[in-house]
Amino acid sequence: MSTATPSIATAKPGRATGTVTAARRRVVQHKKAIAIFLGPFLLVFVLFYLAPIFFAVLQSFMKVQRVGAFGAPEQVFGGFTQYSTVLHSSVFWTSIEHVVIFFFVSVPIQLITALLLALLLDSPLVKGKRFFRLSYFAPYAVPTIIAALIWGYLYQPQVSPFQSLTSSQAFGPLTANMIYFSMANIVFWTYVGYNMVIIYSALKAIPQDLFEAAKMDGASQFRTAWSIKIPLVVPSLIMATMFSIIGTLQLFNEPTVLATLTPAVTATWSPNMIVLATTNIPNYNLAAAISVMLALVSCAISFLFLRLTQKRAFA
Amino acid sequence: MSRRHTMKWLAAGAALAVLPLSACAGVKAADPAGSGSTCPSAPAGSTVNLSMTSWTPGAQQNVDYFNIHVGNTMNPRIHVTLNVVPGGNAGTYQAYSNQIIAGNTADIGMVEYPILPSYRLQQGVTNIASCPGVAEARSEFTPAGISASGAGDPSALFGIPQDVGPLGLYYRKDLFAKYHIPVPATWDQFAAAAPKVKAAGGHIAGFQYGQPGWLEGLAWQAGARWFTSTDRGWIVNMTDAASLKVASYWTTLVRNGYVAQEDTFSPADWSDLGSGKLWTLIAPPWMSVLLATNSPGSAGDWALAPLPQWTAGQAKTGMWGGSDYVVWSTCKYPAQAAQFLLWLETSQNALTVNNTVGGQFPGYMPAVRTVPAMAGPLTVASATTGKPVKYFGDQVIWNVFTGMQASPSWQAGPTQSQTDADFGTALAAFISGSGTIADALHATQGKTIAAIQAQGLAVVQEGSH
């Protein structure tokens, strides 16, 4: 494989131009160096990124045939059989509905809070910035599964230190009425600092002369934030939203932990939980089809979101 | 030129992607599990190295003892290497499935009974019924364990039973005595005691909906048989009269508020079991150690009674869990694997370790007489002091389990993990207030039939074969 690697590295520019001239070819220098630097990456990229995706798509178009009660499995081409199963699966679409609702419960408040925190940290009036920056970000260092376990303890009336808050039959944190908010709280706690850092670094990148100009025009801190800072960090906000969309569709750790604590979260609550349950059967073909469908849904939603916000983001 | 390069890479990618598929084909070509009646053995004078996967506490101790004192004296000599893994549902079952596809399973693996049919279906296990010594030992194991180890083939054995999981009734001795409520011996008495327990401020039981193995065990006790494998396919019958009787019984108890909503093994569940909110726990032997470790505060308050009966005077039960050691298809010398497993599951040494370290109730029936540890009360290390505690007082709980029989006619389904998961989901809906347990059974049956058909298997009607 390593002997074949140089050919792809040198072939690329040729493909890019289409009509290759001898003069143009001479531009590619240090072919060996390029090969040595790119080779390891490409090897790993193909082996552990492209090949699995390709394999998953291939698997999703197969189905298993058997004879009798314990017949040997025979994999045959199944066309869109698995996709038809996914499209007609109420469990799958319910799980998409769950994460979409969760997105609206969780993400707007999270990003608004992250923006406010970032603006506060960026304001010259606040003391102890380094301390606060670190404390807001610290929860992100806690693995989400641990965070979910700890919050799960706090939510359960039998073991929680907050008995009066958690023991309500209708509005306890683990009831069907409140479960979206309880789960959003865990995600909020983990990611608000992370999103704050993204926005904060965008604030730091704003050229100082803009603030000097604003100051000379007599703009207040609030006015500066509203008219200069926020518009200039919109691209970061959009990026953070994109991450949140993808992260929400792939939600797994938090509902998996909460599923062991309350009937309001089932073992097939989110799309990725269904993929796990399906591979456990084991039905790899269907699991592959669900994964591909989830990727397509993610693509569609992300694309739609970018189309709606493109002008603001990249104008 | 450049385009040809691209094609070459695509072709290379395709070849890579196809690799695992051809591995699949290799498995397919192997002798279908169950049909082979031979038992390959290593030549005399050689040494056989066996690899083994397990999550039983004390397994390493047993393997070490075997390698030094037993395996060396055998001919051919046997040496076992143990790989300790997380519990089956914590990832090991999925790893097994992947290993079967890749053809690199160990020689021996631990598998719980309900999951075994899935590995037979994946052509992953070997029939060791004809291996030397197995036929002789067969009748000494609990019939339900032997039946489960055949995974639908009454003459086959894909593994040697390790432990069995007959359901019993753990109950709060102190509370039943304090309020002068008789410990129920029948389900009628259980239902009659429920309101009295409620009046005393407790719940007679918890409805552990997340892992419904106990409820399946109760259907088993009542005479249900959810799955039957035939030559033409699978019969699925989760809504027979016995299952519906159990379903309606528990629906009534739950809707009357006598049974509390609990998720199995959650901190809240353990807390309620320790605090006296729950007065009974319907569970198998393996629960004894879990209960002692997770609710240490109630040491001495718990006792064990036989599972309540539908007809007074009977001694029927059903099983929840229990496990086999299976011999994987990749094992070159099943005769030696069987020889080792027979030692592991019948020798006094090994069974003593399994019982004292892991609280196991073995499938090997003579153990209650031959293993001294099982003649005494269960002792566990106290969570606070580390000193041994007799959790159930001086009661010898093993005798209670020995007194009950689980029918060998129950058969686990080919996609049992899916059945359990979907049943748990349906029961979660029930416990949240919608429908009945019978509805949950109907829903689960529908999903199970779809999952079985998705495996390329036929689902047939009863009596049509």
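User: Which residues is Ile290(A) in contact with, leaving aside its neighbours within four places in sequence?

Analyst: This is a predicted model. In it, Ile290(A) is in contact with Val86(A), Phe92(A), Pro271(A), Ile274(A), Val275(A) and Thr278(A). Each of these counts because contact asks for C-beta atoms within 7 Å.

User: What makes Ile290(A) part of a nonpolar core?

Analyst: A core is built from buried nonpolar residues joined through C-beta atoms within 7 Å. Ile290(A) is among the residues with the most contacts inside the largest such core. Helix α9 of chain A, residues 179–204, gives the most to it, with 13 residues.

User: Why is this core said to lie between domain 1 and domain 2 of chain B?

Analyst: Both domains give residues to the core, so it lies between them. Domain 1 covers 47–165 + 321–371, and domain 2 covers 168–317 + 376–454.

User: What is known about how these two domains of chain B meet?

Analyst: Their centres, taken over C-alpha atoms, are 27 Å apart. Across the boundary, 20 residues of domain 1 of chain B are in contact with 22 residues of domain 2 of chain B. On the domain 1 side, α4 (116–121), α6 (143–149) and β4 (159–166) of chain B each supply at least two residues. The largest share, five residues, comes from α6(B). By class, that side has 12 nonpolar, seven polar and one charged residues.

User: How many residues of chain A and chain B are in contact?

Analyst: 43 residues of chain A are in contact with 47 residues of chain B. On the chain A side, α1 (5–17), α3 (31–60), β1 (62–65), β2 (74–77) and α13 (271–280) each supply at least two residues. The most comes from α3(A), with six residues. The residues of that side divide into 24 nonpolar, 15 polar and four charged.

User: Why is Gln123(B) called buried?

Analyst: Count the neighbours. Gln123(B) has 21 other C-beta atoms within 10 Å. The cut-off for buried is 20 or more. The count meets the cut-off, so Gln123(B) is buried. Gln123(B) lies in the loop between α4 and α5 (134–138) of chain B.

User: And is His30(A) buried or exposed?

Analyst: His30(A) has 9 other C-beta atoms within 10 Å. A residue is exposed at 12 or fewer. The count falls within that limit, so His30(A) is exposed. His30(A) sits in the loop between α2 (22–25) and α3 of chain A.

User: How do you know that the peptide bond from Ile281(A) to Pro282(A) is cis?

Analyst: Look at omega. For this bond, omega is near 0 degrees, and the bond is cis. Pro282(A) is in the loop between α13 and α14 (284–314) of chain A.

User: Which peptide bond of chain B is cis, with omega near -5 degrees?

Analyst: The bond from Asn75(B) to Pro76(B) has that value. Pro76(B) is found in the loop between α2 (59–70) and β2 (77–84) of chain B. Most peptide bonds are trans.

Definitions and conventions
Residues are numbered from 1 along each chain as its sequence is written. Chains are lettered from A and ligands numbered from 1 in the order in which they are written. This is a predicted model: local features need pLDDT of at least 70, side-chain atom pairs count only at pLDDT 80 or more; totals for chains, interfaces and linings use all residues. Helices (H or I, at least four residues) and strands (E, at least two) are DSSP runs, numbered from the N terminus. Ala, Val, Leu, Ile, Met, Phe, Trp, Tyr, Cys and Pro count as nonpolar, Asp, Glu, Lys and Arg as charged, and the others, Gly among them, as polar. Domain bounds come from an automatic or database domain assignment.
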